[in-house]
Amino acid sequence: MRFHNLSGGQQQRVLIARALASRAEILILDEPTANVDPSGSFCFFDFLCSLGKSERLTILAVSHDLTIMASHITSIACVNHRLVFNPEPVLTEEMMTMLYGAHEHSCAMDGHIRHLSRMLAEEREHV
């Protein structure tokens, strides 16, 4: 089968195999799931994480697909005119603002909802 006849996910795997055959220590992937269907994206990121562990390989993936957050990543960085890095695999409030912007709420229940959110967060800290 020719490369151009493969699916997007299959093409990505071939390209990764080629990099691994050259004994790469780091894989830098730009939008690795751009041509992969949504259900395949999760599997692909899961594959990358297991590959990184088994091959002791550093993988840096640039992606707009937040499906990557469901896999076993070890850290996260957001870039939008500046870099915000978290050594934990968690989107911080600063990252969320960078990704989606800061919005003023006009909902009459906003104050109550924010108060409940703070109370729930405090309860989780004490458990």
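Student: What separates F44 and F47 in helix 2?

Tutor: In this predicted model, F44 and F47 both lie in helix 2 (residues 38-54) and are 3 residues apart, so about one helical turn separates them.

Student: How many aromatic pairs does a search of the whole structure find?

Tutor: The search finds 2 aromatic pairs. In the pair of F44 and F47, the ring centres are 6.2 Å apart and the planes stand at 40°.

Student: Why is the pair of F44 and F47 called tilted?

Tutor: Ring centres must lie within 6.5 Å to pair; planes under 30 degrees apart count as stacked and over 60 as edge-to-face. With centres 6.2 Å apart and planes at 40°, F44 and F47 pair and are therefore tilted.

Student: Which residues do ring pairs link into a cluster?

Tutor: The cluster holds F44, F45 and F47.

Student: Is F44 buried or exposed?

Tutor: F44 has 1% relative accessibility. The limit for buried is under 20%, so F44 counts as buried.

Student: What makes F47 partly exposed?

Tutor: Its relative accessibility is 28%.

Student: Which residues form the covered face of strand 1?

Tutor: L27 and L29 form the covered face, while I26, I28 and D30 form the uncovered one.

Student: Which elements make the β-α-β unit?

Tutor: Strand 1, helix 2 and strand 2 make this unit, and it is right-handed.

Methods:
Residues are numbered from 1 along each chain as its sequence is written. This is a predicted model: local features need pLDDT of at least 70, side-chain atom pairs count only at pLDDT 80 or more; totals for chains, interfaces and linings use all residues. Side-chain values use heavy atoms; hydrogens and water are left out. Rings of Phe, Tyr and Trp (its six-membered ring) pair if their centres lie within 6.5 Å; planes under 30 degrees apart count as stacked, over 60 as edge-to-face and the rest as tilted. Helices (H or I, at least four residues) and strands (E, at least two) are DSSP runs, numbered from the N terminus. Buried means under 20% relative accessible area, exposed over 50%, partly exposed in between (1.4 Å probe, protein chains only). A crossover is right-handed if, with the strands pointing away from the viewer, the path from the first strand over the helix to the second runs clockwise.
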